[in-house]
Amino acid sequence: MSKCFGCGIELQNDEKGSLGYTKNLENNLCERCFRLKNYGEYSSVSLDNSDYQRIIERIPSSSLVLYVSDLFNLNLTSIPKFSNILLVLTKRDLLPKSVKDEKIIQNIKERYSNFLDVICISSQKNYHMDRLYEMLHRYGNHTNIYLIGNTNSGKSTLINKLISNYGNSAQKPNITVSMYPSTTLDTVEIKLGNLTLIDTPGLIENGNYTNILSSGELKQVTPKKEIKPRTCQIVGRGSIVIGNYARIDYETEGANSMVIYTSNMIDIRFASIKSEVLKDFPFHFFDLASKKDIVIPGLGFIKFVSSIKVKIYTLDKVIPFERDNLI
């Protein structure tokens with residue numbers, strides 16, 4: 001049977017309301033993708049990481065794998081093991097222009113040695129797409145090229161931009177793109193000259209705001225343009241509240257500061273350490289060394305320069321983690 005070009009699911013016209021349904025099997029989109037692309041109507045789907053794992057296990061070891069991760073939620077601790085991985089860092093346009101690609105790439109290469117290469121791109125702004133396309137030919141060796149990564153990492157947007165830039169005149173960028181999790185449901189294969197790109201469903205990252213927020217909340221927390229870093233300084237113990245989504249309590253005496261990278265649409269405000277705001281949320285305690293970030297997946301990250309002890313309150317099931325300073 002033919003597959004939906006939007007999400008990769010097999011098309012069927014027997015069970016309306018079930019995955020892959022279309023009135024006409026000659027269509028190239030299922031009804032779910034059609035309504036999402038044309039009307040913004042999202043239907044949630046229950047995929048889990050066992051589905052993702054089965055697809056990953058089918059990837060031949062000799063293939064070139066593009067591990068796609070957005071810079072906003074960068075986490076490189078659980079990448080599947082392949083021998084030929086090209087790390088593609090998407091959504092470069094969201095970070096300030098003052099941040100240099102070379103510094104980001106150098107920091108990553110110093111910590112991780114298992115990548116063929118690393119590149120920062122923006123599919124929305126067409127940034128470094130020619131350089132990436134050259135890398136695909138340099139490392140691809142005419143084999144299938146698989147794109148893997150977490151949900152909402154920008155894989156489908158990336159493929160659509162490659163089709164738009166380098167496909168033939170008859171090809172149209174139709175892979176379904178949205179901010180919602182589990183938009184891609186199975187592999188989607190695209191021919192691009194002598195390259196074969198295969199998009200895969202996103203890994204559902206446990207502990208990510210993307211997977212638990214409503215559509216209205218997702219629109220607020222998902223950045224649409226360059227983030228304006230906000231520096232907050234507290235003398236003595238105190239708290240910072242990030243919208244209705246997170247609270248940061250300083251547990252160290254003396255003057256401390258942090259830089260918060262989150263959507264410009266989210267308000268950030270000070271609160272007393274004794275305030276009860278968001279204290280009904282579960283908290284995570286961090287005893288940070290100097291030059292560390294705390295990432296709140298799906299919400300953003302906080303840069304700390306000095307060593308500090310902090311409590312991070314987040315919604316249930318959201319799991320913040322620390323890493324070395326990205327910037």
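Author: Tyr133 counts as buried because its relative accessibility is 18%; buried means under 20% relative accessible area, exposed over 50% and partly exposed in between, with a 1.4 Å probe and protein chains only. This is a predicted model, in which local features need pLDDT of at least 70, side-chain atom pairs count only at pLDDT 80 or more, and totals for chains, interfaces and linings use all residues. Residues are numbered from 1 along each chain as its sequence is written, and side-chain values use heavy atoms, with hydrogens and water left out.

Reader: How many aromatic pairs does a search of the whole structure find?

Author: Rings of Phe, Tyr and Trp (its six-membered ring) pair if their centres lie within 6.5 Å; planes under 30 degrees apart count as stacked, over 60 as edge-to-face and the rest as tilted. The search finds five such pairs. One of them, Tyr133 with Tyr166, is stacked, at 3.9 Å centre to centre and 5° between the planes.

Reader: Which kind of pair do the rings of Tyr209 and Tyr245 form?

Author: Their centres are 5.9 Å apart and their planes at 80°, so the pair is edge-to-face. Tyr209 is buried at 0% relative accessible area, and Tyr245 is buried at 4%.

Reader: Where does Arg323 lie relative to Phe301?

Author: A charge sits over a ring if NZ of Lys or CZ of Arg is within 6 Å of the ring centre and within 35 degrees of the ring normal. Arg323 lies over the face of Phe301, 4.8 Å from the ring centre. Arg247 lies over the face of Tyr313, at 5.7 Å from the ring centre.
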